[in-house]
Amino acid sequence: MLLESAFPHVLGQNVLQFLRVTKQYLPHVARLCLISTFLEDGIRMWFQWSEQRDYIDGTWNCGYFLASIFVFVNLFGQLSGCILVLSRNFVQYACFGLFGIIALQTIAYSILWDLKFLMRNLALGGGLLLLLAESRSEGKSMFAGVPTMRESSPKQYMQLGGRVLLVLMFMTLLHFDMNFFYILQNIVGTALIILVAIGFKTKLAALTLVIWLFGINIYFNAFWTIPAYKPMHDFLKYDFFQTMSVIGGLLLVVALGPGGVSMDEKKKEW
């Protein structure tokens with residue numbers, strides 16, 4: 001019993017030690033991971049301009065001009081948003097622009113009718129919410145000089161919304177199979193995503209999910225092992241970088257904590 005009670009404490013101390021060592025670097029790594037899918041997709045728009053234009057024209061029958069505008073908006077919007085986020089300039093504007101890109105692609109590529117991709121896009125939006133919350137914590141307000149009732153309240157609810165949306169990524173990884181490994185993975189994964197969503201032992205749970213998701217991503221989405229001319233290469237590459245963006249959101253949770261609307265925060269009041 002003594003060993004069992006001591007283990008979580010020791011594990012928690014190790015996490016705190018990790019956070020102290022990586023405090024200066026973790027937010028930078030988190031932002032880079034978070035924008036990675038937008039960066040990859042923006043670059044892909046450049047190299048696959050004709051294919052993307054033809055797909056949109058064939059799907060919506062909108063003509064080459066409007067299809068080209070769509071590709072340009074995606075290319076420019078994503079790459080400029082990534083630059084602003086990494087340089088920490090106008091981060092809030094960049095986040096809203098990237099939200100718009102997610103909404104545009106959800107409609108254009110009919111993601112609304114594909115539950116798996118829809119949940120992953122929502123998880124990506126959760127990461128952007130956390131980035132938006134981080135930008136507020138740095139005191140960069142879009143409406144400088146305009147009084148607000150409680151500056152911290154919107155940030156806290158952004159963090160809550162971001163946490164809840166992030167865990168949707170893990171819902172797509174659950175396997176309804178009687179295989180022992182999948183059953184164990186489902187139980188452990190479900191427990192961890194509940195902890196992150198409600199904000200209990202949040203940093204430890206989020207860091208564990210980062211390690212778990214990174215391992216799954218490397219194993220299942222190894223696009224570099226597939227020849228570039230095969231369609232599966234692009235599919236796995238897209239999936240890989242979208243997963244890296246969710247990892248970036250989880251790293252922001254590790255770096256910033258769960259926020260005010262969480263059990264971890266309420267425990268301080270008890």
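Predicted model: local features only at pLDDT ≥ 70, side-chain atom pairs only at ≥ 80, totals over all residues.
1. Residue I56 is buried, its relative accessible area being 4%, where buried stands for under 20% relative accessible area and exposed for over 50%, with partly exposed in between (1.4 Å probe, protein chains only).

2. Residues are numbered from 1 along each chain as its sequence is written, and side-chain values use heavy atoms, with hydrogens and water left out.

3. Helix α9 covers residues 180–198, and at 1.5 Å a residue its 19 residues should span 27 Å, which agrees with the 27 Å between its end C-alpha atoms; the expected span is 1.5 Å times one less than the number of residues. Helices are DSSP runs (H or I, at least four residues) and strands likewise (E, at least two), numbered from the N terminus.

4. The buried residues of α9 are Q185, N186, G189, L192, I193, V196 and A197. Seen down the axis of α9, these fall within an arc of 150°, so they line one face of the helix, the arc being that of the directions from the helix axis to the C-beta atoms. The face turned away from the buried side of α9 carries the exposed residues F180 and I187. After α9 comes G199, with a positive phi near 75°.

5. UniProt, in an unreviewed entry, places the feature "transmembrane region" at five spans, among them residues 64–86 and 93–112; such annotations may be inferred rather than shown by experiment. In the model, residues 64–86 are 100% helix and 0% strand, with end C-alpha atoms 33 Å apart, whereas residues 93–112 are 80% helix and 0% strand, with end C-alpha atoms 25 Å apart.

6. The structure holds 1 cavity of 30 Å³ or more, a cavity being a set of points, on a 1 Å grid over the protein atoms alone, where a 1.4 Å probe fits but cannot get out, and lining residues having an atom within 4 Å of a point. About 80 Å³ of space lies in this largest cavity, a volume being the space filled by probe spheres set on the grid points, which are joined across faces, edges and corners. Its lining includes T37, D41, Q78, N121 and Y238.

Notes
1 Å grid on protein atoms, 1.4 Å probe; cavity = no way out; pocket = protein on both sides within 12 Å on 5 of 7 lines; lining within 4 Å.
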